[in-house]
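Please look over the sequence and the model below before reading on. The report then goes from the whole chain to its parts.

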Amino acid sequence: MAVPPPAPSVKNDLRRSLRAVRRGAAGRIVPAAQAFIDRLRPGLTVASYHPVGGEADPQLLNAATQAAGCRLALPYVIDRATPMIFLAWDGGTLLPGPFGLQQLSPDAPGVTPDIILTPLVGFDRAGNRLGQGAGHYDRAFAEYPQAWRVGVAFSIQEVAQLPCDPWDVPLNAIATDTEWITPA
Ligand SMILES: Nc1nc2c(c(=O)[nH]1)N(C=O)[C@@H](CNc1ccc(C(=O)N[C@@H](CCC(=O)O)C(=O)O)cc1)CN2
Ligand SMILES: Nc1ncnc2c1ncn2[C@@H]1O[C@H](COP(=O)(O)OP(=O)(O)OP(=O)(O)O)[C@@H](O)[C@H]1O
């Protein structure tokens, strides 16, 4: 008999406790691992994010991206239901958006990401990921299956095994403050 998908409350309970864990890691630095730098090529588009709510800050990954001649982009969302898009970011000003986010003006040009840096609420060593629960990154991964999916988190956000739903697309790598993790 098929195993039923976990009840949403399992992921929601994990989200609550892992957000609290994440708040305790504030200030830890996520370095740009050599394996990340090796992947960068001039002209690639790297979707990063502007951290909020205690998320791991991708600024050293952003700096490596720019040093390698890649183009940076940021996600743009309207609400939970509408798929997010990625807009080119030249380092310019951001504006207050939904969910306490800072976002680009929607006038910025839309881009197709080659690499997607994803802020994590939690992760496991198999590359399973827990995000905000609105499915914005799940849908982006389905839309851009060729993009290299890199989670960004503090090492203490790791759990032994996350529950997995049929739509979950695993990460290709996870950048943390202590380790660069590549699932087997
Ligand atoms: N920095 C950042 N940018 C991002 C995301 C993210 O997780 N982090 N996203 C990821 O999909 C997209 C925005 N989607 C989101 C969807 C839901 C919530 C949300 O429900 N937030 C909670 C507060 C969470 C908290 O307390 O930390 C809320 O508003 O109740 C946030 C973002 C794109 N941009
Ligand atoms: N490809 C998709 N198309 C439409 N809806 C999707 C798709 N993938 C996931 N979803 C929906 O998005 C929601 C994602 O919930 P889930 O708890 O897995 O989010 P998450 O793991 O926190 O990831 P995310 O960071 O993407 O929010 C679910 O309600 C699911 O039905």
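## Basis and overall shape

Helices (H or I, at least four residues) and strands (E, at least two) are DSSP runs, numbered from the N terminus. By that count the chain has 4 helices and 11 strands. The radius of gyration, taken over C-alpha atoms, is compared here with a globule rule of 2.2 Å times the number of residues to the power 0.38. For this chain the radius is 16 Å, close to the 16 Å that the rule gives for 184 residues, so the chain is as compact as a globular protein of that length. The C-alpha trace spans about 50 × 35 × 35 Å along its principal axes.

This is a predicted model, in which local features need pLDDT of at least 70 and side-chain atom pairs count only at pLDDT 80 or more, while totals for chains, interfaces and linings use all residues. Residues are numbered from 1 along each chain as its sequence is written, and chains are lettered from A and ligands numbered from 1 in the order in which they are written.

## Burial and contacts

A residue is buried if 20 or more other C-beta atoms lie within 10 Å of its own, exposed if 12 or fewer, and partly exposed in between, with C-beta atoms placed from the backbone. Buried residues make up 33% of the 184 residues in the chain. Two residues are in contact if their C-beta atoms, placed from the backbone, lie within 7 Å. Of the contacts between residues at least 6 apart in sequence, 71% join residues at least 24 apart.

Two strands pair if DSSP finds at least two bridges between them. An open sheet of 7 strands runs in the order β3-β2-β1-β6-β9-β10-β11, with mixed pairing. Its edge strands, β3 (85-88) and β11 (180-181), each pair on one side only. Strands β1 (residues 45-47) and β2 (residues 71-76) are parallel and share 3 bridges; V46 has L72 in β2 as its bridge partner.

How much of β9 is buried? Of its 5 residues, 4 are buried, so β9 is largely enclosed by the rest of the structure. β6 runs parallel to β9 and is joined to it by 5 bridges, and L117 has V150 in β9 as its bridge partner. β9 is also parallel to β10 (residues 173-175), with 3 bridges between them; here V152 is partnered by A175 in β10.

An α-helix has 3.6 residues a turn, so residues three or four places apart point the same way. The buried residues of α3 are L61, N62, A64 and T65. They cover an arc of only 165° around the axis (the arc of the directions from the helix axis to the C-beta atoms), which puts them on the same side of α3. The face turned away from that side carries the exposed residues A63 and A67. Cover for the buried residues of α3 includes α2 (34-39), β1, β2, β6, β9 and β10.

In α4 (residues 136-143), Y137, A140 and F141 are buried. Seen down the axis of α4, its buried residues fall within an arc of 100°, so they line one face of the helix. They pack against β6 (115-119) and β9 (148-152).

## Two loop residues

A56 lies in the loop between β1 and α3 (59-67). With 26 C-beta neighbours inside 10 Å, A56 counts as buried. Leaving aside neighbours within four places in sequence, A56 is in contact with V30, P51, P119, V152, A153 and F154.

F99 is in the loop between β4 (95-96) and β5 (102-103). Is F99 buried or partly exposed? With 13 C-beta neighbours inside 10 Å, F99 counts as partly exposed. Most residues other than glycine have a negative phi. F99 is not a glycine, and its phi is positive, near 60°.

## Surroundings of the ligands

A residue is near a molecule if its C-beta atom, placed from the backbone, lies within 6 Å of it. Ligand 1 is surrounded by 18 residues, of which the closest are G53, P75, F99, Q132 and H136. Ala, Val, Leu, Ile, Met, Phe, Trp, Tyr, Cys and Pro count as nonpolar, Asp, Glu, Lys and Arg as charged, and the others, Gly among them, as polar. The shell around ligand 1 divides into 11 nonpolar, 5 polar and 2 charged residues.

Around ligand 2 there are 16 residues, and G131, G135, Y137, D138 and W167 come nearest. By class, this shell has 5 nonpolar, 5 polar and 6 charged residues. Its largest share, 5 residues, comes from α4.
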